[in-house]
Amino acid sequence: MPQPLSVLHVEDDFADAMLLQHVLCDAGGYDMELQVVRTLRDARFKLSRNSYDLIIADLRLPDSTRPNETVSLLEQQAKGTPILVLSGSAGVDSHGTGDQVKFLDKNDFLNRDLDEKSQELLFWVKSTAQGQDEGIDLDDSSGTYEI
């Protein structure tokens, strides 16, 4: 039996954290251990003591309100762990980030058509954790993904 995917979710909004868990669970993400922290400080603490397959992060946190700073600090602490930025915030220069950082707009996944979008979000979570976001072909008409 494969090991569960170990995910650190950095999200200060309790409702958004619960919604993400609900969406991933509904999509079949049972082979996942999700730990939630509310601040960048807590994320850095967890990352210094544990290893994760993936970090899912919001950009605006109580102790880091500048999006580029949030991503930069997570990258430094993550030591190569893939990061999936799931945020409704704009204003991040994604060209200044490393290859292990993927950006998704949470409004595309958490605010409408949850049944339809939950499979897509689970796909992005797993493919980003496995470093497979290169060479992915999305076919929106059939709802399938080819790697």
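## Basis of the model

This is a predicted model, in which local features need pLDDT of at least 70 and side-chain atom pairs count only at pLDDT 80 or more, while totals for chains, interfaces and linings use all residues. Residues are numbered from 1 along each chain as its sequence is written, and side-chain values use heavy atoms, with hydrogens and water left out.

## Overall architecture

The chain contains five helices and seven strands, where helices (H or I, at least four residues) and strands (E, at least two) are DSSP runs numbered from the N terminus. Along the sequence, these elements follow the pattern β-α-β-α-β-α-β-β-α-α-β-β.

Of the 147 residues in the chain, 42% are buried; buried denotes under 20% relative accessible area, exposed over 50%, and partly exposed in between (1.4 Å probe, protein chains only). The accessible surface comes to about 8,200 Å², with 44% belonging to carbon and sulfur atoms; such areas come from the Shrake-Rupley method with a 1.4 Å probe, and for residues only the protein chains shown count as cover. Among contacts (heavy atoms within 4.5 Å) between residues at least 6 apart in sequence, 62% join residues at least 24 apart.

## The sheet and its surroundings

Five strands form an open sheet in the order β2-β1-β3-β4-β5, with parallel pairing; two strands pair if DSSP finds at least two bridges between them. At the edges are β2 and β5 (101-105), each of which pairs on one side only. On average, neighbouring strands of this sheet are turned by 20° against each other, direction ignored. Helix α3 packs on the sheet and touches β3, β4 and β5, its direction making about 155° with that of β4. The axes are lines fitted to C-alpha atoms, for helices over the stretch in contact, and angles run from 0 to 180 degrees between N-to-C directions.

Strands β1 and β3 run parallel and are joined by four bridges. His 9 is found in strand β1 (residues 5-10) and is buried, with a relative accessible area of 3%. Beyond its neighbours within four places in sequence, His 9 is in contact with residues including Asp 16, Leu 20, Val 36 and Ile 56.

## Nonpolar cores

A nonpolar core is a set of buried Ala, Val, Leu, Ile, Met, Phe, Trp, Tyr and Cys residues joined through side-chain atoms within 4.5 Å. The largest has 18 residues, of which Leu 24, Met 32, Leu 54, Ile 56, Leu 121 and Val 125 touch the most other members. Two or more residues of this core come from each of β1, α1, β3 (54-57), β4 and α5, and α5 gives the largest share, six residues. Another core lies apart from it and has 17 residues, among them Leu 59, Leu 61, Ala 78 and Val 101.

## Salt bridge and an exposed lysine

The structure holds one salt bridge, defined as a side-chain nitrogen of Lys or Arg within 4 Å of a carboxyl oxygen of Asp or Glu. Lys 126 forms it with Asp 31, and the closest N and O atoms are 3.1 Å apart. Lys 126 lies in helix α5 (residues 114-129) and Asp 31 in the loop between α1 (14-26) and β2 (32-37), so the pair ties together parts that are 95 residues apart in sequence. Lys 126 is partly exposed at 23% relative accessibility, and Asp 31 is partly exposed at 39%.

Lys 79, in the loop between α3 (67-78) and β4 (83-87), is exposed at 67% relative accessibility. The C-alpha atoms of Lys 79 and Ser 51 are separated by 9.5 Å, the two residues being 28 apart along the chain.
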